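Hi everyone, thanks for coming. Let me put the structure up on the screen, and then we'll walk through it together.

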Amino acid sequence: SGSGNNGNSQNSNSNVELVECIVIKGTVVKEDAWIDHFVNTFYERRSKMYHALFSDDQESEIELAKQKANAKLRASYSVALASRSDDRIGFTIIWDEIVPGVQRSPRRNRRMVNLNHLILTHAVEKRERVYGLGEQYTSIEHTGRRVPIITGEQGVGRGKQPISATAELLFKGSSGDWWTTYSAIPHYVTSKARSFFLTNYTYSEFDFTEENAISVHVVAPTGIVCGQIIAAIDIPGVLQAYTEYSGRIKPLPEWAMRGVIVGMTGGPSKVRRIEKQLTDGGVKIAGFWLQDWSGFRNTSIGIERVWWNWKLDEDLYTDWHALREEFEKKGTHLATYVNPFLMDSKDHHGDLYRFALENGYFIKNKKGEGYGFVSEPGVTFSLLDLTNPECVRWIENVIVDMLVATKAKAFMADFGEYLPFDATLKSGELPILTHNRYPEDWARIQKRALRRAGLEKTGFFWTRSASLLTPSFTSVQWVGDQLVSWDNRDGIKSALNGILTGGLSGLTLSHSDIGGGT
C-alpha cells in the first residue's frame, strides 16, 4: 500500500490515510550482445575442456554455471499502480539506475552501467487518432510522427522557406522546426477517449509511428518515471479528469474582455496618438501593453531591445501615472512586462543584474560562475535560478514592487524556456530534470505576486511557455510570435493549431497576436 495525507485519517495514531495500490516487482536480465555471447562461449568451452582433461570436479562445473548466470546485466524494478480518481490510475516505475555491467572475463572487474532510459509501449487500435502534447503549431493529429517534449523557442519560419534558411544564416539555431514549441506537455488524448501523461519533467519523446502501438521514450537519470493513465467516456471527460491534476485556468476579469489589448512601445506621446487613432476609428480598447515601461535600447546591429531591469523608466514615461489615470477614465488599463532574465549594464539599467550577481541568484556554469547569454554584440544577460528559494523570494518582491509602483492591472511574464542543460543549479538538480519545469515555476511566482499586489480578482498576467501544472497558475496563455502569413508552419494557421492542441493539455484560455509578431 501507499500513503497520502488528505487530513481525513482512518488511523487514530496518525494523519495518514492508506491508499490501496498494486506493486509489481521483478528483475530485468539483459540479453547478451553478440560480443558477450562470443566471449562467454569461449571461456565456457575452455573451462569444460580443462575439467574433461584434468579434473572430474562436479562442484567446479556448478560454479561455472553460476558464474555464467551472474555475469549477465541484471536490474531490479518495481511498478506501483494506484487509483487517483474514478478515471485516473497513477503509476510509478523505479529501477536500479546503476548496476554492474556484463562480465566478459572471470578475472576482469565489471564496470558500472547507468540505466537512464525507459521505453513504455502500449497497444492502440488501427484508426485511433492522437492529439495534444501542449501547443503543437504544425501538427494537430500526431499519428505517424515522433514528437519531442522539450520546451524551447518556437523559432522563425519553422521550416518555411526561404525564411528559415535566412534566419539560420543570421542567427544559427533560430529557425526552429515543425515540433519546436514554447509549451511542450507530456500528455496526449486519443479519439477513443484514452489518455496518458507523464508527471516527470524530464526530456521524453512520444512515438506514434507504429500502426498498432504507441511508445514513450523517457530519459530518467534517477531511475524513476511517474505518470497517470486516463480512461473516460468521451474526450471532454478526459479533459475533466486531466485538469483535476493540472489545474484549471480561471476566467479573466471582466474589463479584459471589453476590447483589444494593444501591444506597443515608443513612449507616452506615441501611445496617446495611437489610442486616438483607434478610438476615432471605433475600436474598443481594453488595455495598452507597454513592453518598454522599463526603457529600451538600440543595439549595435540596429535592433531595439527592452531594458530587462524591471523598474519604471521615468525618462521615457515621464508622466506614466497621468497617462494611466487618463486611460482609466475611459475604461482602459495599462499592462507591463517582465521575464526571468536580467540585463547587464554599467549604469542604473543594470542595478538588478548587479544585485542578483552579487547574491548568487543566477544559474551558474560548470566553473561556478554566472551563466552568461549574448543575443548580439554588446547585449549580455543572465537567467535567474528558480531552484534557489532566496532568489524566488527576491524576484517575487521585484514583481510586486512593479505592480504597486506602476498600478498596472496586467503584465506579461515572458520566456521560461531557456534553462541550459549544462547549467549548475542551486538545488543540485540536473537541468534535464528541471528544464521543462521552469515555465511552471516562473508562472507560480507571478500568481503569488499578483495576489500580494491585491490584483487576484481584478488583474491578470499571461505567459508564453508552459508545462504540466501551468494551468494552475497562469491567467492566460500566449502562443508566441508568428509570421505575418497564413501557413501552418509559422503563420496564423499555426497559431490556431497551438491554441487547439494546447487546450487539450489544460491551456484552455489562449490568445495570439493579431497579424503575427515576427
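So, how many bridges join strand β17 to strand β20? There are three, and the two strands, residues 285–290 and residues 333–338, run parallel.

Quick housekeeping before we go on. This is a predicted model, where local features need pLDDT of at least 70, side-chain atom pairs count only at pLDDT 80 or more, and totals for chains, interfaces and linings use all residues. Residues are numbered from 1 along each chain as its sequence is written, and side-chain values use heavy atoms, with hydrogens and water left out.

When I say strand, I mean a DSSP run of E with at least two residues, and a helix is a run of H or I with at least four, both numbered from the N terminus. Two strands pair if DSSP finds at least two bridges between them.

Okay, now the sheet. It is an open one of seven strands, in the order β16-β17-β20-β24-β25-β26-β27, with parallel pairing. At the edges stand β16 (260–264) and β27 (510–511), each with a single partner strand, so one side of each has no neighbour in the sheet.

Let's look at β25. It runs parallel to β24, joined by four bridges, and A413 stands opposite T463 there. With β26 (residues 476–478), β25 pairs in the parallel sense over two bridges, and the partner of T463 in β26 is Q477.

Which way do the side chains go? In a regular strand they alternate between the two faces of the sheet. Here F460 and W462 point one way from β25, F461 and T463 point the other way, and all are buried. Buried means under 20% relative accessible area, exposed is over 50%, and partly exposed is in between, using a 1.4 Å probe and protein chains only.

On to the rings. Rings of Phe, Tyr and Trp (its six-membered ring) pair if their centres lie within 6.5 Å; planes under 30 degrees apart are stacked, over 60 edge-to-face, and the rest tilted. By that rule the count is 30 aromatic pairs. Take F341 and F415: they are edge-to-face, 5.3 Å centre to centre, with 80 degrees between the planes. F341 is in strand β21 (residues 341–343) and F415 is in the loop between β24 (410–413) and α9 (431–434), so this pair ties together parts 74 residues apart in sequence. F341 counts as buried at 1% relative accessibility, and F415 counts as buried at 10%.

Compare that with F411 and F461: their centres are 5.5 Å apart and their planes at 20 degrees, so this pair is stacked. F411 lies in β24 and F461 in β25 (residues 460–463), so parts 50 residues apart in sequence are tied together. F411 is buried at 0% relative accessibility.

There's also a cluster linked by ring pairs: W308, F341, Y371, F373, F381, F415 and Y418.

Last stop, away from that sheet order: strand β9 (residues 130–134). Five of its five residues are buried. β9 pairs with strand β11 (residues 184–190) in the antiparallel sense, over four bridges, and G134 stands opposite A184 in β11.
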